[in-house]
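Here is a friendly briefing to read beside the model. Keep the viewer open and follow along topic by topic.

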Amino acid sequence: AWNVHASLLPNYRGAAPVERAIMAGERETGVTIIRMDEGLDTGPVALQRPVEIPTDMTGGELAGLLASLGSEAIVEVLGQIEAGEVNLTEQDSRHATYASKLVDEDLVIRWDAGVGAVANLVRALSPHLGARTFHPEVEGPVKIWRSRVAEGNSSALGAGSIRVKNDRMVVGCGVGALEVLELQMPGAKRLAARDFLRGNALEGAFDW
């Protein structure tokens with residue numbers, strides 16, 4: 001059996017290579033075609049195709065790109081197999097990393113982390129899972145779907161603290177601050193932050 005894996009093996013073996021790569025701030029990933037063995041993504045490599053990860057790319061966008069790239073790669077390998085020309089290279093497991101399955105706690109924003117890590121989590125989990133946070137006045141998780149690193153001096157904003165000004169929502173992180181661009185309250189639809197703020201107030205600080 002042959003497998004298309006959404007990483008450059010032996011990096012990110014496991015269930016969530018797309019999300020984990022973005023969460024880690026990787027700038028490159030790719031697809032690997034392997035001949036399967038009894039291990040977890042440990043089989044010999046027939047073909048690899050690298051791809052750049054732009055700093056604003058979401059997990060959904062990267063998954064789509066890798067699916068397209070992977071479909072082309074597996075067809076190429078099947079042709080090599082048919083022609084008896086496939087060349088296999090063993091993986092170096094000494095350099096392996098793992099992309100474990102995402103669990104609930106992986107989806108929660110830790111505002112005491114640096115803003116880069118928070119921004120990466122938001123885009124890694126968009127548009128399907130959603131990075132989530134909690135507010136003492138809101139029953140249930142608030143999902144943040146789009147964000148960016150806030151410009152200007154936000155050093156005085158504590159981790160999780162919310163500042164709203166000129167239809168913009170900025171939240172303090174352990175280092176730096178995050179501007180929330182799109183969010184979703186429990187039981188409601190997704191809204192651009194500016195549209196949400198026109199009819200709602202969200203003050204104080206997020207928990208984690």
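Where does S126 lie? S126 is found in the loop that runs between helix 3 (115–124) and strand 4 (131–133); helices (H or I, at least four residues) and strands (E, at least two) are DSSP runs, numbered from the N terminus. This is a predicted model, in which local features need pLDDT of at least 70 and side-chain atom pairs count only at pLDDT 80 or more, while totals for chains, interfaces and linings use all residues. Residues are numbered from 1 along each chain as its sequence is written, and side-chain values use heavy atoms, with hydrogens and water left out.

- S126 is buried, with a relative accessible area of 7%; buried means under 20% relative accessible area, exposed over 50%, and partly exposed in between (1.4 Å probe, protein chains only).
- Setting aside neighbours within four places in sequence, S126 is in contact with T58, G59, G60 and W145, where contact means heavy atoms within 4.5 Å.
- A159 sits in the loop between strand 5 (142–149) and strand 6 (162–165), and A159 is partly exposed at a relative accessible area of 30%.
- Not counting residues up to four places away in sequence, A159 touches W111, D112, G172, C173, G174 and W208.
- A159 and V171 are 12 residues apart in sequence, and their C-alpha atoms are 7.4 Å apart in space.

- Helix 2 (residues 59–83) has 25 residues and reaches 36 Å from its first C-alpha to its last, close to the 36 Å expected at 1.5 Å a residue; the expected span is 1.5 Å times one less than the number of residues.
- The buried residues of helix 2 are G59, L62, L66, L69, G70, A73, I74, V77 and Q80.
- These buried residues pack against strand 1 (2–5), helix 1 (17–23), strand 2 (28–35), strand 3 (45–52) and helix 3.
- Just after helix 2, G84 takes a positive phi of about 70°.
- Strands in the order 1-2-3, with antiparallel pairing, form an open sheet of 3 strands; two strands pair if DSSP finds at least two bridges between them.
- Strand 1 and strand 3 are the edge strands, each pairing on one side only.
- From one strand to the next, the twist averages 10°.
- Strand 2 and strand 3 pair in the antiparallel sense over 7 bridges, and the bridge partner of E28 in strand 3 is E52.
- Helix 2 packs on the sheet, touching strand 1, strand 2 and strand 3, and its direction makes about 150° with that of strand 3; axes are lines fitted to C-alpha atoms, for helices over the stretch in contact, and angles run from 0 to 180 degrees between N-to-C directions.

**Salt bridges**

- The count comes to 9 salt bridges, each defined as a side-chain nitrogen of Lys or Arg within 4 Å of a carboxyl oxygen of Asp or Glu.
- R20 and D106 meet through their side chains in a salt bridge (3.0 Å, N to O).
- This pair links distant parts of the chain, with R20 in helix 1 and D106 in the loop between helix 2 and helix 3, 86 residues apart.
- Both R20 and D106 are buried.
- R94 forms a salt bridge with D92, with the closest N and O atoms 2.9 Å apart; R94 counts as exposed at 72% relative accessibility, whereas D92 is partly exposed at 28%.
- R146 forms a salt bridge with E182, with the closest N and O atoms 3.1 Å apart.
- R146 lies in strand 5 and E182 in strand 8 (residues 177–184), so this pair ties together parts that are 36 residues apart in sequence.
- R146 counts as partly exposed at 40% relative accessibility, while E182 counts as buried at 17%.
- A network of salt bridges links R148, R168 and E179.

**The aromatic pair**

- A search of the whole structure finds 1 aromatic pair; rings of Phe, Tyr and Trp (its six-membered ring) pair if their centres lie within 6.5 Å, and planes under 30 degrees apart count as stacked, over 60 as edge-to-face and the rest as tilted.
- The rings of W111 and F206 are stacked because their centres are 5.7 Å apart and their planes are at 15°.
- W111 lies in the loop between helix 2 and helix 3 and F206 in the segment after helix 4 (193–199), so the pair ties together parts that are 95 residues apart in sequence.
- W111 is buried, with a relative accessible area of 0%, and F206 counts as buried at 2% relative accessibility.
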